[in-house]
Amino acid sequence: MARKGRAAILPNNIILLQNLVKRDPASYKEEFLQQYSHYESLRDIFMLNGMAQSAAGDKSHGSDGSGNVVDTNSVSVNGNASVAELMELIGFISQVCSCFPEHTANFTNELRQLLLEHHQTLPFELKEKILTSLTMLRNKGVISAEQLIQTLFPLLIAYSLQGNSLGLNSHARELRTLIYNNLVTLLKNANLGSRNQKLNKSTQAICFNLLEQPDAQGLWAARLTRELWRRGIWDDSRTIEIMTQAALHSDTKIALAGVMFFLDADREREETFEDKSDDEEGGSVNIDALKHRLEINKKTGKRAKKLKNAISTVRKRGLKGQANQNFLNFSAIHLLRDPQGFTERLFQTHLGGGNSKRNSRFDLGQRIAIMQLVSRLIGTHKLTVLGIYSYFHKYLTPKQTDVTKVMAAAAQACHDLVPPDTLQALVRRVADEFVSDGVANEVAAAGLNTIREICARAPLAIEEPLLQDLVEYKGSKAKGVSMAAKSLLGVYREVAPEMLKRKDRGKAAALDVQERKRKGGDATKTGAPRFGEDRTSTQGIAGLELLAQWKRDNEAEGEEQDEADEWEEASDASGSDVDGDWVNVDSDEETPDKDTDMDREESAETQEEEKQDPAQAFLELAGSRILTPADFAKLKELRETEDVARLMGGAARAARGEEIVDADRLVGPVKYKQTREERLAKVLEGREGREKFGSRKGKIEGQHSTTNREKQRKKNFVMMIHKRSVSGKQKMSMRDRQKVLRAHITKQKKRGY
Amino acid sequence: MTKSRKQKQKKKDFQKKRLKVGKKADKASNHTDTSFVAKAISVKNQHLEHETDLSKRLSLLRHHNVTVRRETLQEYQKHLPSIIKTQLMTPLLTHAIPLICDDSKIVRDALIELLEEIGNLDVHVLILHCNIFVLYINMAMTHIVPRIQMDSTRFLACLLKYCSEEIVRQAWLKLLNAVISVLGWGLFGNNQASGALQTKKRDIKNTKVHLDVLTELIRVGCSDMKAIAAAEAAAKSEDGASVDIVSNDVNNPHMIPDYPQPYEYLKLFARTLKNKTDIQNSAMPSSSSMTNQDLDSRRAIFEEKFLQKIDKQIDTFIKEGGECGKSANNLKQLLADLFT
């Protein structure tokens, strides 16, 4: 036999050739060039056909001669025949063209041009193929990412236009998703190791340009930016600028996309990253120690449950903080370059101006979303947009749809730098509309809760008489209303007890007031909040006074005696108007044995000390020595303890500005009467897993011999018929028979048959 | 005993039916009811002249069955004299030309016959569709299936026979390149592993066709056909006519040329990809269509690029002798005549 040379494996299909070329490009150069020229001639044929096709299309628009029909048919069908071959060749060449860069220098340009200029006449399959080929070429490094993006973006725009997407067989939707996904993966891959700032900047520039145009094309820019933000690929302030522009856009859809981005994007991103981070931190020991310390106070199950919840909240917060430390984590709202200007423009263009015709672009839900954004911006950055408060007046009536959301937004928009008279009008409005005897419980509860939220942010928002009136609702029969009133009371006990009636102040607050009075001077002047005063910011290191206190306790136990004595005197002096229930301090004034009750005393002292001198503690500790890591660990533990204690006490938290007001919570707990099924379900739920405590009557478990009753039943009929117990029944009198029957029935019923 | 319903039915089948007087016999089991209730019967007009409507058969050229395709081609060939002047020719050709790349040989053979017939009847039809022909022939010449590639030169030969001038004017360089690559002479770098080169040794018959076509192509492309024709005419008539014809070109430079699409190089109506020209301008300035237009530039390109290569290859063929040797000798003769 003759030796089989290379001719034996001469390729006669494209796939085989592709394999061979990839293995040995130099030897198969000739074949490749042949196929390349084949591609060129096919492409030329295709161009010719495409031209004829579009020309025929024009012709048939103008005049419908019967002669043309044949032509159109022939050409279009011809085109379809060569499409498959052309697709195959394009795939082949893009696979191997990195082997012959000098011969195929023009190839990628041709593909791009084909796609950009003739996309209207190309069939869908071919377009898809070209797109995937271009992506592949990008992965092989033949074309740069910028080039690919410059090809993809115009296509995306072209296919979101009305004219193109309505065309027959345009597959606009599929193409859009394909291109969009390609874009996202492209940017993701480009930013995989380190940030590709050049590419990001150029893409963001494209987004900016898109958003500058007045039509709806910018929607893609908004969508893309949001997606990339969600994945943490773009997280700088330029991204936020894009969305700012989107939010201020005149087109409704784009504007809403921008607004929703600012409202939701951070939550979305956190969700994305929460999935990724599943490592439990080693802080469980810490929590355990903490639990042990608080267990000493534990008395009831409810209290234990509360403790559990508090711990889980604290832990969750800590976890979240740890997970987010991995990447640059600023929320979108914090990254804004000019929050005041942005908010003002947002309010002016979308809500304000009083021009109702322009506002009608948005329906109510959308307007509420914009309100939420504006108020969140105001609350976070403490901005001054005075128009919004009077704007809320229009919507604050109980019959308004989604009024809780509006109320939440209104509360969110308040902070302590807003002039009190503006807010007082708002609070007055809420009180008038919502809180009166004539309204439903839920409405009153919602109104009170809103006022509480407002006042927690801006204590000066309410006048003293109104506050005292509202607090009176704590005696309401409806649980939601009384809870809401009590929470309002709780807020003012902490912030400004002087504004409350004397009997409502509570023990600790009353003590404070008296203390100040005793020290001399004007009580109201020192304690009451004043407009423009900075109360929230911490100086030095947060919680340092706790550490100082702890240190002092550990060092000198002997001093405690004196301090405790002092404390006792003070509490005795103010013992007259103690409410007792609300304060965290346990009623331990009369405990003489100090050494055993370390914990309680510590907490009591902490409260006293904390109010007096955080600044002094800072000087004392940070001025005298250097803090070690162990110190910081202890500090963290102490702060956690305090957090838990505060949560358990139910007192209002300090920093409120950035917290989001939950609209659903405003109404408070609503309890409707349950139906029978619901009650039954609840009862049965309680019985689950408690079988062994139930009655065992009528239940025979395990193996057992036949009972007498069973034997009696199964006994043969013929044997029984002669017995007196059977035949005697026939002879009974009517009266007796009735008696027996009645007795039988009652007996059976009692047995449960 | 009671029997089941099925048993009874089965039994009934084999019982003989008694015919009774005055009663109709039962209908047979395979009886079909042909009665109908209608006020009027509408019979569609019979389509009697379907055989004359040849345009209906165009789609059969893409039929999946080989025989159908061939028979359709032959059918058209039979009717050619009647349709050659009609509108039908353009769709016919646009459908038929892609068959140059058909998989089966019999279809390609039938197509060649059809083209010959068309050429015999009316050359202008072929001339009109020259550009499509060139595209598809070029495609066939670079086809991955060897048999299609081999046959492609036969189509070129057929075209050269009828509209040689038009073809060389349109695609001189392109076709020259393609034929040489079919021969396996490797324009881009002589590659011994090339598949075409390997197969060449096997079928001498095809190689001879290729060589003949190449000879013809060069002869048409590099010699002044008009001058020759004029010389012949002059020799026949022995008048001053030859002077007239030659001076005709010189005297009327502003007249419309007598070949189709004279201003094609302006690309007023062509759809091409723009950026192609950038590369071509830098790398291969000679391949633009302008250079194919006149005789002198064609000769110059040929002399510059192909002459040496062809000379070298021919010699090996002449040494081998045989059929191919003869053709190669012809080619050598031609080259000697043209370029000395």
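Student: What scores does the model have?

Tutor: This is a predicted model, with an ipTM of 0.73 and a pTM of 0.66.

Student: Where in chain B is confidence lowest, and where is it highest?

Tutor: Where pLDDT is low, the predicted coordinates should not be read in detail. For chain B the mean pLDDT is 77, and 73% of the residues reach 70 or more. Confidence is lowest in helix α12 (residues 276-282) of chain B, with a mean of 44, and highest in helix α4 (residues 105-121) of chain B, at 93. Residues 189-194 of chain B have pLDDT below 50, and this stretch has 10 contacts in the model beyond near neighbours in sequence. Residues 276-287 of chain B are also below 50, and that stretch likewise has 10 contacts beyond near neighbours in sequence.

Student: How many helices and strands does chain B have?

Tutor: Chain B has 14 helices and 0 strands. Of its 340 residues, 30% are buried. Among contacts in chain B with a separation of 6 or more, 70% join residues 24 or more positions apart.

Student: At what angle do helix α22 and helix α23 of chain A pack?

Tutor: Helix α22 (residues 464-471) and helix α23 (residues 479-495) of chain A pack at about 135°, with their axes 9 Å apart. That angle makes α22(A) oblique to α23(A). On the α22(A) side the contact is made by A:L467, A:L470 and A:V471, and on the α23(A) side by A:A485, A:L488, A:L489 and A:Y492. The contact has 7 nonpolar residues, with no polar and no charged ones.

Student: What is the reach of helix α26 of chain A, from its first C-alpha to its last?

Tutor: Helix α26 (residues 544-555) of chain A has 12 residues and reaches 17 Å, close to the 16 Å expected at 1.5 Å a residue. Buried residues in α26(A) include A:L544, A:L547 and A:A548. An α-helix has 3.6 residues a turn, so residues three or four places apart point the same way. A:E545 and A:L546 of α26(A) are buried too.

Student: Which residues have a positive phi although they are not glycine?

Tutor: A:K382 is one, with a phi of about 55°. A:K382 is in the loop between α17 (364-381) and α18 (387-395) of chain A, and A:K382 is partly exposed, with 15 other C-beta atoms within 10 Å. A:D402 also has a positive phi of about 55°. A:D402 lies in the loop between α18 and α19 (403-412) of chain A, and A:D402 is partly exposed, with 14 C-beta neighbours inside 10 Å.

Definitions and conventions:
Residues are numbered from 1 along each chain as its sequence is written. Chains are lettered from A and ligands numbered from 1 in the order in which they are written. This is a predicted model: local features need pLDDT of at least 70, side-chain atom pairs count only at pLDDT 80 or more; totals for chains, interfaces and linings use all residues. pLDDT is the predictor's confidence in each residue, from 0 to 100. Helices (H or I, at least four residues) and strands (E, at least two) are DSSP runs, numbered from the N terminus. Two residues are in contact if their C-beta atoms, placed from the backbone, lie within 7 Å. A residue is buried if 20 or more other C-beta atoms lie within 10 Å of its own, exposed if 12 or fewer, and partly exposed in between; C-beta atoms are placed from the backbone. The expected span of a helix is 1.5 Å times one less than its number of residues. Axes are lines fitted to C-alpha atoms, for helices over the stretch in contact, and angles run from 0 to 180 degrees between N-to-C directions. Angles under 35 degrees count as roughly parallel, over 145 as roughly antiparallel, 65 to 115 as roughly perpendicular and the rest as oblique. Ala, Val, Leu, Ile, Met, Phe, Trp, Tyr, Cys and Pro count as nonpolar, Asp, Glu, Lys and Arg as charged, and the others, Gly among them, as polar.
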